[in-house]
Amino acid sequence: MSNASAFFDGLLGSALVGINTAMPCKVLSYDAATCTAKIQPLFKAKEVNKEPQSLPVVEGVPVLFQRYKVHNNNAIAISTDKGGHSQYTGTGEHEHKQLTFTESVEMIPDLSVGDVVLAVFCQRAIDEAIQGANVYPGAARMFSIHDAVIVGVFKQ
């Protein structure tokens, strides 16, 4: 391998290692009212001739929720155990003949301290864009851990 090849391979490797795409993180705190969390990335960074270092804690990380149409807002039947139903038939189940969701159902996050989540890191700064504004984010921040969004929880 030529010196130029080695130089460009090293340069490319250095650039790529600084691009954050997604990583597991531990939840340090969660604010259910704002759907934001404080997280600790679980990968470490290493510089040449230095020991690996933990990445910094990231605060105010938005947590995505999901919005679903249930059965396209058509009636569905569900079954539950006897629970507190007064019409319990003795079979161990009580069937509701019809249940209709007339609006979409939102699945709200329920994070706990210590949960391991998957955070993705947006291509550009998201500060203004997550408010719905059409913005030019500039080039100062790209793939930063400060532009994290929590997209899910790992089952443990």
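Analyst: **Salt bridges and their surroundings**

Glu-47 counts as exposed, at 54% relative accessibility (exposed is over 50% relative accessible area, buried under 20%, partly exposed in between, using a 1.4 Å probe and protein chains only). Two notes on reading these values. The model is predicted, with local features requiring pLDDT of at least 70 and side-chain atom pairs counting only at pLDDT 80 or more, while totals for chains, interfaces and linings use all residues. Numbering starts from 1 along each chain as its sequence is written, and side-chain values use heavy atoms, leaving out hydrogens and water.

Start with the count. There are four salt bridges in the structure (a salt bridge is a side-chain nitrogen of Lys or Arg within 4 Å of a carboxyl oxygen of Asp or Glu). The general principle is simple. Side chains of opposite charge can pair when their charged atoms come close.

Glu-47 is one such partner: its salt bridge is with Lys-50, and their closest N and O atoms are 3.7 Å apart. Lys-50 has a relative accessible area of 48%, so it counts as partly exposed.

Next comes Arg-67. Its salt bridge runs to Glu-106, with 2.9 Å between the closest N and O atoms. This pair links distant parts of the chain, 39 residues apart: Arg-67 sits in strand S6 (residues 66-68), Glu-106 in strand S9 (residues 105-107). Strands here are DSSP runs (E) of at least two residues, and helices are H or I runs of at least four, numbered from the N terminus. Arg-67 is exposed, at 52% relative accessibility. Glu-106 is partly exposed, at 40%.

Now Arg-141 and Asp-147. Their side chains meet in a salt bridge of 2.6 Å, N to O. Asp-147 is buried, with a relative accessible area of 0%. Arg-141 is partly exposed, at 27%. Asp-127 comes in as well: salt bridges with shared partners join Asp-127, Arg-141 and Asp-147 into one network.

What is the strand order of the open sheet? It is S5-S2-S1-S10-S11, five strands with antiparallel pairing (two strands pair if DSSP finds at least two bridges between them). From one strand to the next, the twist averages 50 degrees (axes are lines fitted to C-alpha atoms, with angles from 0 to 180 degrees between N-to-C directions).

Take the pairings one by one. S1 (residues 22-31) and S2 (residues 36-41) are antiparallel, over six bridges. In this pairing, Tyr-30 stands opposite Ala-37 of S2. S1 also runs antiparallel to S10 (residues 116-121), with five bridges joining them. Here Cys-25 has Val-117 of S10 as its bridge partner. S10 then pairs with S11, again antiparallel and over five bridges. Phe-121 stands opposite Ala-148 of S11.

Phe-121 turns up again beside Asn-20. Asn-20 lies in the loop between helix H1 (3-17) and S1. It is buried, at 16% relative accessible area. Leaving aside neighbours within four places in sequence, Asn-20 is in contact with Phe-121, Phe-143, Ser-144 and Ile-145 (contact means heavy atoms within 4.5 Å). A polar atom of the Asn-20 side chain lies 2.9 Å from the backbone oxygen of Phe-143.

One more loop is worth a look. Thr-102 lies between S8 (94-99) and S9. Thr-102 is exposed, with a relative accessible area of 64%.

Finally, the whole chain. It has one helix and eleven strands, running α-β-β-β-β-β-β-β-β-β-β-β from the N terminus. Of its 156 residues, 21% count as buried. Of the contacts between residues at least 6 apart in sequence, 56% join residues at least 24 apart. The chain exposes about 11,200 Å², and carbon and sulfur atoms supply 54% of that area (by the Shrake-Rupley method, with a 1.4 Å probe).

How values were computed
A polar contact is a pair of N or O atoms within 3.5 Å; within protein, one must be able to donate a hydrogen and the other to accept it, and residues adjacent in sequence count only if both atoms are side-chain atoms.
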